[in-house]
Amino acid sequence: MFNTNYKLIATASVLSIATLFSAGCMDDGATPTKTTKANTATTIASIDGGVKYPVIGDKTGPYYVNNQSNMMKINNGRVPTANELVAWDKDVMPDGTGLPEGSGSVEDGEEIYEAQCVMCHGDFGSGGGGYPSLSKGNADELQKTLTNNRWKDPEADGPTRVFGSYWPVASTMWWYIRDGMPHTKSKTLSNDEVYALTAYMLNINEITIDGEEVDDEYVLNREKFLKIKMPNRDGFEPNIDGPNALKDVRKYYENPANFGAKKVNPATRCMKDCQEKSVVVTRVENGGISEFLPPMSVVRDLPKKEASDMGFNVLKNYEDNCMPCHVADGMGAPVTGDKEGWAEVLAKGMSGVYKNALEGINGMPAKGGASVSDDELKLLVDYMIDNSK
Amino acid sequence: MDNKKSINDLDISDRRNFFKRTAALGVTALAGTSLIASEDDHAIMHHPEWGQKWGDPVTKNRYGIPSAYEHNNTRRNTKLLASGNYRASIAVTPIHESEGIITPNGLFFSRSHGGTAHIDPKEYRLMIHGLVEKPIVLTLDQLKRYPSVTRTHFIECPANGGQEWRGPQFNSLQFAKGFMASAEWTGVYIKTILEDLGLKPEAQWMLAEGSDNSEMGRSVPIDKILDDAMIVWGQNGEALRPEQGYPVRLLLPGWEGNLCVKWLKRLDFAAEPWYAKEETSKYTALKPSGKAIQHFYANEVNSTVVSPSPEKPWTDLEDGDIVEIEGLAWSGMGTITGIDLSFDGGNNYVQAKIKGLLLPKSWTRWSYMHTYKKGEVLLLTSRAMDDAGYIQPTIDEEVSIMGVESVYHRNGVETWEVTPTGEVNHVQVRTPGGIKDV
């Protein structure tokens, strides 16, 4: 009885797999190319330049598999509702798929930027605090720096990779602003606000649309957005667009010289006198990067019990949660140690300062994004005020 | 009693060999100084505190934690590899303390683009849609109803070693090579689920999207989905840790860690790729031509000496000590087939020995026995090969093709310098004029 059922399912399944593969998904030469000594298993060339291990008998490579499940259509879950698909299927593709209608001006974008973005990305997208720069000037000019390479002369100028000079398509920016920004409260911007911010990004990178300058008055909408051509649109390899994309990718990774890899016949690899005579040993200079947290140690002792471990570690929490924005000018937050700056803030009265810290203000999210209690947050505010007198 | 019994259990020839070996060792051991102690060891001569009073009841630490003495065996971070507040950052694995080919879950390197999300498993949903005959939504329990597979694979950030294209930066194994870790993963092959959903012929790409703050997404070619791509929920015999995407992440064996999308919420099949932020602005490798490699999938064959290392020097060794040089080798393109070890920075090599399990797209342990000469200076360089036919290039060979601006996918050979006092430094061996235009 079981066997009969099994055969029926198997037949149906084979058909579906045939359909599935007929589309050119698997036309990458599914003939075994060689045998590995390691596993006495046959391997097949893979799209990434490596090998894959097809199931042979009841094994793939060194692993046993239960082949029964290969033959079964396991009907788990349920079909999503139309509304559920709309709610989650919101990705934005280069051809405009998923890009909603809407509009926003450069001017509005700058205002939103100053309120919600500048504290991390700096004035005019110049970067700061470990967050990415969004612009370094004219995109077309900076795109030309991508051939800069410090490989032969360490003192040479390097390439500048920012949105304008490097990114191949603008849909990436629109999509990421909408779903990932602002970092402390993502998915809170309206479509119009995203258009406005994208317009501002184009403005500070001096990118033109259809020959037109994106100046302060410029209003970006879906139609104009789809006309954007990024300066570095053709700056990437292998090709990943169009119906031949996967063939192109497979071909690219067949050649190790394309991606800095090296193939060798193990029997003839160099084992003796492999180097030229004049080799140089380069060392880590000036101790290198060594500010590790916690400091490097392999000692096996009991951890020191600091008083702060018993309760709330103000200094540590300040460093983790507050310092990134309150340590330097240009982040929009009053700088710890800046008497005048804090005097201005304190003019609101302590209850106002606490309230702003608890609920967030301008670019600062509620509690600065910290996972601390209200009372603990007040300790952090007190710490900054105490250090700014 | 137990010791005696075990010797009696040996067969005659084993026993004879055992005694012969012991006798031979005894002679050489006496000739050395290490076994002749002048003073009795306090650790032996007194009753330690832990042997004279009750230990903890079994009711303590219902989820076990490491010995308090192991507190320095921990992930570490550095401000130079961090956004201001450690939310789009990395904490790296202490591979200098790693044993075998499995990383404990608490030490698995942690990288996120919007902080570690904490997902309520009851509200977890996975949606699979796009160019499939039947889109579906799964709860966590429904997902786990699929037949599971368990595989041991490393996950490596393609920026592992990426700070060192222009010269060594970290005098530390943890930071030079710790943007990776390895685990035994349990989940379901995506191809198993697709048998029911039915992939449409024009589907070439799959978007994997996370539900975290950054909504991390990447495009994956269908080849990988129909090969060994997995949706995993198990890590070393328990649920994924939050830092690894609890409750569910994508696992693309051997491929960039960034592609193994965590907190996975959605798989969308389409005819064209998406150009997500982490496959354009980052995770692309700029070459001297000005063109950048995009969709750079597999982490190439690689290796490192683990012991000695800057963290685990040989300063305690005496002249004539026999010491095991130990290392790791791995390849995202296949199975390790051999590791060569050089004592002179890559001029001459000997073959090292593979130890333990040899698995595809997995860490592989290797070692080589060495008799230490007091005061010797060594340049320990390891070089691995895989069954896809690749070997690690020299630094000059790799830079000749990739330049020094590509950040990602650096797999040139790595060298540790052993100084006369047994300290170990991270160095690079270069040939002047060794960068050739290719």
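**Figure 1. B:Tyr275 counts as buried because 24 C-beta neighbours lie inside 10 Å.** A residue is called buried if 20 or more other C-beta atoms lie within 10 Å of its own, exposed if 12 or fewer, and partly exposed in between, with C-beta atoms placed from the backbone. This is a predicted model, in which local features need pLDDT of at least 70 and side-chain atom pairs count only at pLDDT 80 or more, while totals for chains, interfaces and linings use all residues. Residues are numbered from 1 along each chain as its sequence is written, and chains are lettered from A and ligands numbered from 1 in the order in which they are written. B:Tyr275 is not a glycine, yet its phi is positive, near 60°. B:Tyr275 sits in the loop between β13 (264-270) and β14 (285-286) of chain B; helices (H or I, at least four residues) and strands (E, at least two) are DSSP runs, numbered from the N terminus.

**Figure 2. B:Glu215 is a non-glycine residue with a positive phi of about 50°.** B:Glu215 belongs to the loop between β8 (205-210) and β9 (217-221) of chain B. B:Glu215 counts as buried because it has 24 C-beta neighbours inside 10 Å.

**Figure 3. Cis peptide bonds join B:Tyr246 to B:Pro247 and B:Ser307 to B:Pro308.** Omega is about 5° for the bond between B:Tyr246 and B:Pro247, and B:Pro247 lies in the loop between β11 (238-239) and β12 (249-251) of chain B. For the bond between B:Ser307 and B:Pro308, omega is about 10°. B:Pro308 lies in the loop between β16 (302-307) and β17 (322-330) of chain B.

**Figure 4. The contact between the chains takes 116 residues from chain A and 129 residues from chain B.** Two residues are in contact if their C-beta atoms, placed from the backbone, lie within 7 Å. On the side of chain A that touches chain B, helix α7 (residues 171-180) of chain A gives the largest share, five residues. That side has 56 nonpolar, 36 polar and 24 charged residues. Here Ala, Val, Leu, Ile, Met, Phe, Trp, Tyr, Cys and Pro count as nonpolar, Asp, Glu, Lys and Arg as charged, and the others, Gly among them, as polar. Strand β11 (residues 236-237) of chain A pairs with strand β15 (residues 292-293) of chain B in the parallel sense, over two bridges; pairing requires that DSSP finds at least two bridges between the strands. In β15(B), B:Ile293 stands opposite A:Glu237.

**Figure 5. B:Phe109, B:Met206, B:Met230 and B:Ile231 touch the most other members of the largest nonpolar core, which has 168 residues.** A nonpolar core is a set of buried Ala, Val, Leu, Ile, Met, Phe, Trp, Tyr and Cys residues joined through C-beta atoms within 7 Å. Helix α8 (residues 191-204) of chain A supplies the largest share of this core, nine residues. Beyond its neighbours within four places in sequence, B:Phe109 is in contact with residues including B:Arg75, B:Cys157 and B:Phe179.

**Figure 6. Chain B has domain 1 (79-273) and domain 2 (302-427), with bounds from an automatic or database domain assignment.** The centres of these two domains of chain B, taken over C-alpha atoms, are 28 Å apart. In chain B, 27 residues of domain 1 are in contact with 26 residues of domain 2. Of the side of domain 1 of chain B that touches domain 2 of chain B, α5(B) gives the largest share, four residues.
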